[in-house]
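Colleague: Could you walk me through this one? I'm new to reading structures.

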Amino acid sequence: MLNLICLIVVANIVAALAVFGLGLFIPFFKVTNLMDGAFFNAASIWCVTALVWDGGKVSRTYDVDIVTHKMKGMVTGHDLQGEKHQHYRQNYSFGLSLFIAGGMPMLMAIALSIFS
């Protein structure tokens, strides 16, 4: 749980710095109030989440070519399927953590839009 909280804090700080940096050069990302900053922060975190999240069936069929089958035959003492499953699990866990991290500024943006 402490690792999740640390990831949330670090992801939000990095995203806030990225949004601030983009705002210096691109007028669209210029943060005029806290609600805009929170929304852009959540959007940037969720864009990264979309890149690292599990890609579904399409990303799982990358090893069906002939070269990969030959390579699997050459490394018989190594558990490739177990390692592949571990990578999927870690990828999903990291994507879910980033999704949760992006939820915090989005809830803040919604609350600020309702109560202001």
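Modeller: Let's start with a word we'll need: buried means under 20% relative accessible area, exposed means over 50%, and partly exposed is in between (1.4 Å probe, protein chains only). This is a predicted model, where local features need pLDDT of at least 70 and side-chain atom pairs count only at pLDDT 80 or more, while totals for chains, interfaces and linings use all residues. Residues are numbered from 1 along each chain as its sequence is written, and side-chain values use heavy atoms, leaving out hydrogens and water.

Colleague: Is serine 97 buried or exposed?

Modeller: Serine 97 sits in helix α5, residues 80–115 (helices are DSSP runs of H or I, at least four residues, numbered from the N terminus). Its relative accessible area is 15%, so serine 97 counts as buried.

Colleague: Which residues does serine 97 touch, not counting those up to four places away in sequence?

Modeller: Contact means heavy atoms within 4.5 Å. With that rule, the residues serine 97 touches are Leu4 and Leu7.

Colleague: And what is threonine 49 in contact with, beyond its neighbours within four places in sequence?

Modeller: Threonine 49 belongs to helix α2 and is buried, at a relative accessible area of 4%. Leaving those neighbours aside, threonine 49 is in contact with Gly95, Leu98 and Phe99.

Colleague: How are α1 and α2 arranged relative to each other?

Modeller: α1 (residues 2–25) and α2 (residues 34–52) pack at about 110°, the angle running from 0 to 180 degrees between N-to-C directions of axes fitted to C-alpha atoms over the stretch in contact. Angles of 65 to 115 degrees count as roughly perpendicular. So α1 and α2 are roughly perpendicular.

How values were computed: Helices (H or I, at least four residues) and strands (E, at least two) are DSSP runs, numbered from the N terminus. Angles under 35 degrees count as roughly parallel, over 145 as roughly antiparallel, 65 to 115 as roughly perpendicular and the rest as oblique.
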